[in-house]
Amino acid sequence: MNLVRHSVGMRFAILSAPLVAALLAAFAFGPYPLSPQQVLAAVWAGPAADSDAATVVWQLRLPRIAAGLLVGAALSAAGAAYQGMFRNPLVSPDILGVSAGAGLGAALAIYLGLPLAAVQAIAFVGGLLAVAAVVFVAGRVRRHDPVLVLVLAGVAVGTLFSAGISLVKVLADPTVQLPAITFWLLGGLNAVAAGDLWVAAPLVVAGLVPMLLLRWRVNLLSLSDEEAAALGVNVARLRGILIVSATLMTAAAVSIAGIVGWIGLVVPHAARLLVGPEFSRLLPASLLLGGGFLVAADTLARSAAAIELPLGILTALVGAPVFLWLLARTGRSG
């Protein structure tokens with residue numbers, strides 16, 4: 001037992017090292033590069049220091065890094081929960097249409113010329129409404145497997161909301177509104193302010209707490225509903241709690257960062273390879289790995305070219321090959 005705990009501890013230490021490296025690189029690299037000495041001096045001087053380095057570190061990069069940690073951790077945790085709940089490794093946080101709902105809400109808000117705070121709020125509400133529609137439709141179908149019904153209803157509702165996004169893009173002003181909608185849908189942290197984090201972070205924590213409290217029971221959802229019920233689990237209630245929690249986290253993340261794909265699909269796979277499928281270890285590993293991955297991707301997005309690259313493009317360029325590699329690796333090991 002001690003050997004197992006020691007091995008798990010070493011794996012979490014391995015997970016923490018890339019996170020620390022990603023944080024250090026995020027503070028140093030960007031359009032205004034800083035040396036490690038400048039970063040340390042700015043951190044030591046505090047946010048009130050009158051220097052360019054302090055302004056860059058405290059007012060520009062710290063909110064983005066915090067947002068990257070928050071969004072990456074939220075999407076990864078939601079992906080791990082959904083994959084366990086639906087017993088399907090190909091499930092991602094937008095399986096129930098939350099990203100499409102948030103995208104439609106944001107597109108409508110931009111089309112109406114609303115301020116950024118309203119865009120984020122309506123995007124959050126849109127994500128919740130999409131999942132509520134999925135749950136409502138699935139609740140009316142009782143003669144089929146509930147997991148399959150949820151997935152199929154999510155695909156249908158997501159497609160409907162995606163069609164709404166396309167309609168708004170067709171109606172939008174091609175010179176002002178359409179570029180704004182397009183860039184929001186591609187995802188990014190460039191518009192995130194410190195105030196946005198104070199709104200999104202409590203929502204993410206509110207979704208994360210039930211997952212932590214129920215982490216031992218989530219493992220039982222890998223069994224059939226009948227077997228889990230025989231072990232004393234109220235399957236419908238547990239699945240409902242996880243759906244609400246994961247949806248809350250995903251909607252909060254998407255509302256401030258736009259649609260950032262692949263993280264909730266790929267990161268839980270990588271975490272599972274490192275710490276195993278047991279949810280009490282998989283959840284914190286996904287949080288660490290997801291936060292570090294998105295911080296690193298955002299650093300690359302604002303450093304790799306003269307203009308800032310959309311975050312969703314980079315996560316897809318990195319996530320898709322990594323997912324194919326993980327798929328091939330697990331296929332050979334099986």
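Trainee: By class, how many nonpolar, polar and charged residues does the lining of the largest pocket have?

Mentor: This is a predicted model, in which local features need pLDDT of at least 70, side-chain atom pairs count only at pLDDT 80 or more, and totals for chains, interfaces and linings use all residues. Residues are numbered from 1 along each chain as its sequence is written, and side-chain values use heavy atoms, without hydrogens or water.

The lining of the largest pocket has 14 nonpolar, 6 polar and 3 charged residues (nonpolar: Ala, Val, Leu, Ile, Met, Phe, Trp, Tyr, Cys and Pro; charged: Asp, Glu, Lys and Arg; polar: the others, Gly among them). A pocket is an open set of points on a 1 Å grid where a 1.4 Å probe fits, with protein on both sides within 12 Å along at least five of seven lines; lining residues have an atom within 4 Å of a point.

The largest pocket holds about 390 Å³ of space. Of its 23 lining residues, Phe183, Trp184, Gly188, Asn190 and Ala191 lie nearest the centre. At least two lining residues come from each of helices H5 (116-139), H7 (177-186), H11 (235-257) and H13 (279-301) (a helix is a DSSP run of H or I, at least four residues).

Key: Axes are lines fitted to C-alpha atoms, for helices over the stretch in contact, and angles run from 0 to 180 degrees between N-to-C directions. Grid points are joined across faces, edges and corners, and a volume is the space filled by probe spheres set on the points.
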